[in-house]
Structure formats: structure tokens, C-alpha cells
Amino acid sequence: MNTGELASALTEADGRVLGIQTKLHRWAVQQPGRRFDDLFNLVCDPAVLLLAWWRVRGNRGARTAGVDGITAHAVRLANQEQALLEELRADLKARRFWPLPVRERMIPKTGGKLRRLGIPTVRDRVVQAALKLVLEPIFEADFHPCSYGFRPRRRAQDAIAEIHLLGSHSYEWVLEGDIEACFDTIDHVALLDRVRRRVGDKRVLALVKAFLKAGILTEDGAMRDTSTGTPQGGILSPLLANVALSVLDEDLAGGQAGRVERRKRRRHGLANYRLIRYADDFVVMVAGTRAHAEALVDQAAVVLAPMGLRLSATKTQVVHLDEGFDFLGWHIQRRRKRGTDRVCVYTYPSKKALAAIIDTVRALTRRSRFRQLSTLLDRLNPVLRGWCAYFRHGVSAATFQYLDAYTWRRVVSWLRKRHPGASWASLRRRYLPGWRPTTHDGSTLFNPGTVTVARYRYRGTRIPTPWTTTRQPLADPRREPVESRMR
């Protein structure tokens, strides 16, 4: 399939899939108790598989292979895309498809710990993407607006904006919740029970169960069964995690009453509280006392237990908004506004987030890393732009200035080490016109200090889904949301 034919087929497939998703979402909203049958034929639909392949091949993991050693990039270069989709559809229809184990890769985390990443094969990724295209519009009808992670058209800034709004309106106590090894410990039976509430097609349920039970090929070459959890790295895993964690949204939604009910609760000495969840990270904002917030810890633990999940005893804590807390890379704290007696809620880039970008800049500007300034700036500038784009909706101007000064010093130091025999005057004349590191073709070191900061507007329940508004033209799947690169 040449480029022109692929583009035409993708446009047609995108329109067809949008129509399917719109109908599924509308029916799910209109009939909250409906169980959907005959979804398997939609998963096998050529348009769904083509769009799923388009998303897989444009993903950042397109050059990463699963246990079979095949990458999406290699399939594209060999022009085997059409053959792959035809074979995959035939195997699905004949019930011959069976997922292979995921390839384990351990990713370093802060504090010296490791995060397990499971890399599926290309065939498995395409089927997972097709399942997500069909199932996501159905489950989105049931998800609560307090959940923001891995959901279409929702982002981390929405969660931070809600915290800022609530903190400015008497929600002073904060329960910071941390679920221990969430993706590794979700109970399969409990998860599938929640999936069955909406999905009645046994073939689709069998596919979901097969992916959950596929197993893991560890880094040392050993096979390990997956009796619990949904491995991070799979396209379907975030959706399944949201289905499991929606038990928390449903239980704590009782504190998100209307204005009249909130006043009644206050008169009776009860607390009002609001949950803000981003995947497995969540906070509960409480308008009440510390005792009210601490009682919610036990309540959340009881709700999560049937799903096989438990709160981390060391990381789950109750703090006052005046003390401040970190969430999604931000430090959120209520402080007195300088020069006044008024207190305001401020959101800053956290020290941990700043340290992470500083470490990245330091690693990129080591003398032996790159040979030419143009190569260094091609790698460094996108990192700086992405970090600033994420943190520009807060009190970040001073942090941006600090980051610019640090980056400038590191690049200038790199230049002096790469040209040990050159004088400062010659380096400045050649590489620092206007005191900004610049290449011969005009590429200049990005200046974080020039980024304009502005408060992100809280959208509340007005966030549209892709199936209730006009669809934008088919986007390049290689362009990911900013927050996915930040966290």
C-alpha cells in the first residue's frame, strides 16, 4: 500500500470508526445498564484494525520489539502493513489469535526503585488498540468527571486547575493517596466482573482475559505467569486500570453533592470532599477537619481492597493546604500574597520536577555526548520546550529563568570543553552572537525565560468527549499530549 492509498484509506477509516464510536457512546449514555453484544465484529472491522495499526506504527515504541523481535517500524519499511492486517483479521475471525507474553523491561524510578514495563508484540498491540477503539466510548459514559488520567481530551492541567479552585474555596485538608504497585496487583476476577457490566460479548471478554493472562518474559529469559495486574506498556492497560479504579470514583462521589446538599452537610457537622484522580495518583480535598480527612483513608482502603489494591502506608498522608503537597509534578500550597493580608493558592513546579529536568540537561551537555552544537540543540531544545509547555500554567516565571541560566552555563561550558584551544573571544564570535548559543544555520538555544505563564482555565464538567463534538482532522499519532512526556 503506497502513501497515497494509505492516506485515503485512513481518512475513510477514521470517519467510519468515528461513526461507530459515536453510536456506542450515545447508546451507553442513554442506557446506563446496557450490556453490549456483538462487539467482536467491530474489533475485526477492517477500518478499526487499520486505524489501530496507524496508532501503533506512529507510537514512540514503533522501533521497540516484543518477544518475537519484530518492530512496527520494520513492518512499515518492508511494506507488509496490508499483509499484517489481513492475516490478523483472518486469525481473529477464525479464533486462532492468541496473545504472546510481553517482554519485560525494568525502568529506573526515583529513589532507586524499578518500574516494570511490559512490551507486547506488534500483532498484540494492534488488537489491543482495536479493543480500545471499541470499548473506550462505552466505558467513558460511566467514568466520573473527577478522573483525568489516560482519558480523551483530559489532561493533568485539568486536575491541577480543580485542586486550585477547591483550595480557594475552603477545601483546606488534603488526603494524598498512593496506590502501591497499582498496575501489578489488580485482581483479574474483580476487573473482569466490572468489564462484564458493560460487555456481554464472550469473544471480547475472552480476548481481554487472554491479554491479562498472557504472561511475562523476564529480562533474564524466564517465563512468569500473570495472575494479577495489567502490565504497563500495553495500549489497553490504562483503560483497564481506569475501569478498576472507577470503584474509588463511585464511592467518593457521594461527597461531591450539589450546593444545597453541601450546606446541609456543613450544618450537621459533616465534611464535604472532592476526589481528583489521575490514573493511580489521587488526592481528596476536604472541607472539614483533619479527622474527617483521616477517616477517608480507611474508607478508600476498604473500597480498593476487593480490586486487590492497597494504599501505600508510607506515601499516603493527610496534610493541610498551608503545608503544601506535590501532585503530578506540581507543588501546591496556600500562602499569603506578598504585600497583602490575602491568602491564595499557588502552583509551582515541584523541586523533584526541577531536579529531573536539571539532570536531563546535565546528561545531554556532557562533553562526550555530542560532537556538534547543532546536534546538541536538536536534542536539548525539544526537551526544554516540552517541560515549559507543561509548567507554564502556574507560578513558573522564576523557575524558567533559573532553568535558562543553568542551561546556558552548561552549553557554554560544553563549547569550551569541545574547543579547548579556542579563545573566549573566538568562541563568543563564532557561537554566541547576542550571547545565545547559535549554530551556523541559525538554530538557537531555546530560552525558557521567554515563555509566557498563564493560569489554566478550569473546565469542570464541560470537557467534551471526541464523540459529542466535531472531530478534528486525523492527527499524526506521533504527537503525544504534553503531560505524557513530563511524567
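**Helix packing, nonpolar cores and selected residues**

Helix 15 (residues 373–391) and helix 16 (residues 397–418) pack with their axes 12 Å apart and at an angle of about 170 degrees, where axes are lines fitted to C-alpha atoms, for helices over the stretch in contact, and angles run from 0 to 180 degrees between N-to-C directions. The structure is a predicted model, in which local features need pLDDT of at least 70 and side-chain atom pairs count only at pLDDT 80 or more, while totals for chains, interfaces and linings use all residues. Residues are numbered from 1 along each chain as its sequence is written, and side-chain values use heavy atoms, with hydrogens and water left out. Helices (H or I, at least four residues) and strands (E, at least two) are DSSP runs, numbered from the N terminus.

Helix 15 and helix 16 are therefore roughly antiparallel to each other, given that angles under 35 degrees count as roughly parallel, over 145 as roughly antiparallel, 65 to 115 as roughly perpendicular and the rest as oblique. On the side of helix 15, the contact (heavy atoms within 4.5 Å) is made by Leu373, Leu376, Leu380, Leu384, Trp387, Cys388 and Phe391, and on the side of helix 16 by Thr399, Phe400, Leu403, Thr407, Val411, Trp414 and Leu415. By class, this contact of helix 15 with helix 16 has 12 nonpolar, two polar and no charged residues, where Ala, Val, Leu, Ile, Met, Phe, Trp, Tyr, Cys and Pro count as nonpolar, Asp, Glu, Lys and Arg as charged, and the others, Gly among them, as polar.

A second pair is formed by helix 3 (residues 46–57) and helix 6 (residues 122–140), which pack at an angle of about 120 degrees with their axes 8 Å apart. Helix 3 and helix 6 are therefore oblique to each other, and their crossing is right-handed; a crossing is left-handed if the near helix is turned anticlockwise from the far one by less than a right angle, and right-handed if clockwise. In helix 3, the residues Val48, Leu49, Leu51, Ala52, Trp53, Arg55 and Val56 meet Val122, Arg125, Val126, Ala129, Ala130, Leu133 and Val134 of helix 6. The residues of the contact of helix 3 with helix 6 comprise 12 nonpolar, no polar and two charged.

For helix 11 (residues 237–252) and helix 13 (residues 290–304), the axes come within 9 Å and cross at roughly 135 degrees, which makes helix 11 oblique to helix 13. The crossing of helix 11 and helix 13 is right-handed, and the contact involves Leu245, Val247, Leu248, Asp251 and Leu252 of helix 11 together with Leu296, Gln299, Ala300, Val303 and Leu304 of helix 13. In the contact of helix 11 with helix 13, eight residues are nonpolar, one is polar and one is charged.

A nonpolar core is a set of buried Ala, Val, Leu, Ile, Met, Phe, Trp, Tyr and Cys residues joined through side-chain atoms within 4.5 Å, and buried means under 20% relative accessible area, exposed over 50%, and partly exposed in between (1.4 Å probe, protein chains only). The largest nonpolar core has 85 residues, of which Leu39, Leu191, Val204 and Val284 touch the most other members. Helix 6 contributes the largest share of this core, 11 residues. Apart from this core lies another, of 50 residues, among them Ala156, Leu328, Phe370 and Leu377. When neighbours within four places in sequence are left aside, Val284 is in contact with Trp173, Val174, Leu175, Leu252, Tyr273, Arg274, Leu275 and Leu296.

Ile216, in strand 4 (residues 216–217), is buried, with a relative accessible area of 4%. Leaving aside neighbours within four places in sequence, Ile216 is in contact with Pro101, Val102, Glu104, Arg116, Ala222, Met223, Arg224 and Thr226. Cys344, in strand 11 (residues 343–349), is likewise buried, with a relative accessible area of 15%, and Cys344 touches Gln333, Arg334, Arg335 and Lys337, not counting residues up to four places away in sequence.

Two loop residues have a positive phi. Arg95, although not a glycine, has a positive phi of about 65 degrees; Arg95 lies in the loop between helix 5 (81–93) and strand 1 (102–108) and, at 54% relative accessibility, counts as exposed. Ser170, also not a glycine, has a positive phi of about 75 degrees; Ser170 is found in the loop between helix 7 (156–167) and strand 3 (173–178) and is exposed, with a relative accessible area of 53%.
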